[in-house]
Amino acid sequence: MNIDIGDIIKGEIIDFTHEGKGVMKVDGFPIFVEDALIGDVIKVKITQRKKSFALGTLESIEKPSIDRVEYKFDAEALGGGVPLIGYSYEKQLEWKRNKVIQDMHRIGGLDLPVNPVIGMGHPFRYRNHSQVPIGKLDGKAVTGYYKRKSSDIVPMEEDHLQPEIADSILKTVRYWIDKYKVSVYDRETKEGILRHIGIRTNENNESMVILVTTFSTLPYKFQLVHMLVKDCPGVISVYQNINPMDGKFTYGRQYIHLFGKETLTDYIGDLQFKISPDAFFQINRQQVGVLYGKARDYLQGSKEDIVYDLYSGIGTISLFVAGDVSRVIGIESVKAAVKNAEENAKLNSIENVEFHHGKAEELFPWMINRGMKANKIILDPPRKGCEKELLQAIIKLQPNRIVYVSCNPSTLARDLKILVEEGYSVKEVQPVDMFPHTVHVEMVVLMSRLEK
Ligand SMILES: C[S@@+](CC[C@H](N)C(=O)[O-])C[C@H]1O[C@@H](n2cnc3c(N)ncnc32)[C@H](O)[C@@H]1O
């Protein structure tokens, strides 16, 4: 079938892309379309025609999917970040499990049994860290989401994915901007000061607020601090972050402490964690307990074990497993996170852990080459997965167990393939849904060395 720009084609959505676009096929040729869910029969207008796929915009939904769900709130306003929001939660979990199975097969050449995804009972208000863009619409301050491929902001007063205190903090910020005519950054003209508001919230609904600005001058900032403390009693810490760049990162390098505590304390199980504004902390506190619980089960710690926790962040997994083993050695590249990890060990009176600052792919091989021993490894890299040098050092060390925590099935599959080729076998793959309504999925994998 010939497909040209401007054609209107009818068909059924059968899958999602890794960005959450609906996938329709015409004689095997894929067409990708936003805002369409698996099971929808739609009409799509072709906007781009490439060699192996086409892109289109949704013209109409002819027959909605039986797996569509309605909410009492305006779910569409939540924007492009949660493309699966209209799809039933059970079906989302099924789709995520299949995606893991397919990526393992396609990228890793691995046909593995993958456990059903562990989902949330109530998959809302789970985000303990929001990064919200600020703009102006008709001269009034707005907070919300960027429109897809645009610098316009879709205003939102209530976000059902973040805690309620975050909604009230943003309301106060908008009021302050309007009252003091605070300069707001314009992504088109590249002028203005205030760009984003970061909000981190802990289990007790205490919040750290981070005002992201183009440069250090921010008139009336202490009036805002005063208003936040008065109107939002949970605000216990305020920072300013300077980010002059227009890249993909919300935060720049420099933080200025404006008010209250320097760190936010959060809790997972019986453990407490101090979190500085730039440290990584899993976004879904409830599910992170499930994820780390699995990692701990898979590690099967014993008092003879020496464990490396590579990419240790603020020490969360290290501290979670420390009670079961003899010693844990963490390696992490963000200095402040290493400092947090050390403080967290003290805070929880855990003495058999140590944290080192450096790149895992450099420091770990260096330690192994100097004779450091370990029999178990935990890996929890960022989305890009592990560097080859790191995997080679693991292969050289020959630990008998590897527990790999990953937020990206493709890089996980790539790395598992390398380890399998070097004599490891994958025993279990457990996906956990940390990010309901998005296309993302977190996984924990148990690998062990095949006996020779
Ligand atoms: C997915 S997080 C995991 C953190 C921690 N395990 C947790 O659960 O909170 C990945 C961590 O790797 C760190 N990181 C990124 N690149 C690194 C590298 N090359 N070497 C060591 N750590 C790195 C990041 O700063 C981040 O803390």
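Reader: Leaving aside neighbours within four places in sequence, which residues is L78 in contact with?
Author: F73, I85, Y145, M156, D159, H160 and L161. Contact means heavy atoms within 4.5 Å, so each of these has a heavy atom that close to L78. This is a predicted model, where local features need pLDDT of at least 70 and side-chain atom pairs 80 or more, while totals for chains, interfaces and linings use all residues. Residues are numbered from 1 along each chain, and side-chain values use heavy atoms, without hydrogens or water.

Reader: What makes a set of residues a nonpolar core?
Author: Its members are buried Ala, Val, Leu, Ile, Met, Phe, Trp, Tyr and Cys residues, joined through side-chain atoms within 4.5 Å. Buried means under 20% relative accessible area (1.4 Å probe, protein chains only). The largest core has 50 such residues, and L78, L319 and V353 have the most contacts inside it. At least three residues come from each of domain 2 (100-120 + 284-449) and domain 3 (129-265). Domain bounds come from an automatic or database assignment.

Reader: How do you know that the second largest pocket lies between domain 1 and domain 2?
Author: Domain 1 (8-68) and domain 2 both give residues to its lining, so it lies between them. A pocket is an open set of points on a 1 Å grid where a 1.4 Å probe fits, with protein on both sides within 12 Å along at least five of seven lines; lining residues have an atom within 4 Å of a point.

Reader: Which of the lining residues are closest to its centre?
Author: D15, F16, T17, W95 and Q102, out of 20.
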